[in-house]
Amino acid sequence: MAVPGAVLAVLAVLAVPAVPSAGSCPPRCVCASNILSCSRAALSSVPAPLPRFTSVLDLSHNNISRLRADWAAGRLAHLHALLLAHNGLAFVSTEAFGHVPHLRHLDLSSNRLRALEENLFSDLPELEVLLLYNNEISAVDRSAFDNLSRLRKLYLGRNHIARFPLELLRDGSRPPQLSLLDLSSNRLRSLPAAELQALPAWLRDRLYVHGNPLGCDCPLYRLVARGRHRRLSAVLDFQEELRCQLPAAPGRAPVAVLELGSPELLNCSEAREAVLEAYLGDSVTLGCDSRLRAAHGRHWVTPGGDRVPEEGGNGSAAVLANGSLQLRALRPEDGGTYACRVSGPAFNETLYVELLVHNFTLHGPHDGLNTAYTTLVGCILSVVLVLIYLYLTPCRCCCRAAEKPSAPPRDDSLNSSVLSATPDHAAGEPPPPPRARGGAGHRGAAGGQNGRYKAGGSPPTAAVAVGAPREGPRAQRKVSDPDSVSSVFSDTPIVV
């Protein structure tokens, strides 16, 4: 009986030894539908070939120390989760993830990675969760997380990071969808408190920095105290592990950050939350800094209890597209506490913002110019007044010229009037002849020196007989005149 040719062809195919296909399960692995588990298989490299339909690949708890660019023989377009934890992994090629462009979950935790190279994860634009905790990472390149536009959770805890990667949180360099950053149990000694406080509450809610050897200071206390007031998860869940080292007691055990407000420690004051100051006529915007990133709804309530309409507002108040409240042309009655009520899928939240309206106007940026202009005008006016005082003061000599004529020539020299307290006049010398305009009458009534009029006069001098011999200079001095010294330093010119 002849055997049909088709049957012979089938038998020939069956006689050929089987070759593993791309759809078969690798040895020492367990395959369940599109899940491939090779965990705890004592593997030193990635098994091959891998099924093309694999969506979850578990290679954890093996001995894979290097992940090269050719670890996968072909493109795994369906793979969205790759688990490589607990492998002693020390090297990852920058081209290692070119075969898995749709990866959303990558676990590289509990390995021996020491640095994150430039553009290490740039081939993973759809990555959402990245686990790098419990490694030996001490250096993080600023571009290591570029192109991760969908990254939501980044775990960098239990590493050796000593510099806070602020670029991961700044606008423009932060992954736009990032909502969780774990930096706990690293080697951070300080935090950029001012920059962190300016972050939105939904990001601070899951910013974990506990377990670091932080130095104690008041900005750190205010940052953590505000987190407690806002009931942020990163603070409430790890209050006991948020500790710091006092600067004055390096050998002392770390203290809780929330205890720094006590007088026995740093006596730090807690800053008030959400207090704005404004002036009459100004426009301000009140932010609704909620922990809910995607809220179902939010509305504002004024200090008077009135709800602000979401469409169009009420004339002076309007709700913006981002949920903030804008107030225009402020009046004194606009001051008070505003409430922003937010509703979400998990919980509801009410935020309070206090607005202080000062009862005077302020011209904003022109105030500095006005102050400088006023100061300049004051300086110029002061200089002008000094010049007027120095050069335009009227001369008192001219005013009293008619009253006090110049003194007649005297025997004593200029030197005697300047260097001696009392001029050296002869005791018996007769007085000078009277002058024509009646000046002698003044001089006879009251004696004077250097033309200076003396109201009280000087004591009379004893008369000396004519022809009596002179007894020397000492006998020729007059009685000391108390005003004679002032004649040297007076403001009346000395006439010789």
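Modeller: Happy to, and please keep in mind that this is a predicted model. Let me start with cysteine 216 and cysteine 244, whose sulfur atoms lie 2.0 Å apart in a disulfide. The link between cysteine 216 and cysteine 244 is right-handed, with 100° about the S-S bond. This pair ties together distant parts of the chain, 28 residues apart: cysteine 216 belongs to the loop between strand S14 (214-215) and H4, while cysteine 244 is in strand S15 (residues 243-245). Both cysteine 216 and cysteine 244 are buried.

Now to another pair, cysteine 29 and cysteine 38, joined by a disulfide with an S to S distance of 2.0 Å. Their link is right-handed too, with 110° about the S-S bond. Cysteine 29 counts as buried because its relative accessible area is 12%, under the 20% cut-off. Cysteine 38 is also buried, at 0%.

Cysteine 25 and cysteine 31 form a disulfide as well, with 2.0 Å between the sulfur atoms. Here the angle about the S-S bond is 90°, and the link is right-handed. Cysteine 25 has a relative accessible area of 35%, so it is partly exposed. Cysteine 31 is partly exposed as well, at 34%.

With the bonded cysteines of the chain numbered in sequence order, they pair as 1-3, 2-4, 5-7, 6-8 and 9-10.

Methods:
Residues are numbered from 1 along each chain as its sequence is written. This is a predicted model: local features need pLDDT of at least 70, side-chain atom pairs count only at pLDDT 80 or more; totals for chains, interfaces and linings use all residues. Side-chain values use heavy atoms; hydrogens and water are left out. A disulfide is a pair of cysteine sulfur atoms within 2.5 Å. Buried means under 20% relative accessible area, exposed over 50%, partly exposed in between (1.4 Å probe, protein chains only). Helices (H or I, at least four residues) and strands (E, at least two) are DSSP runs, numbered from the N terminus.
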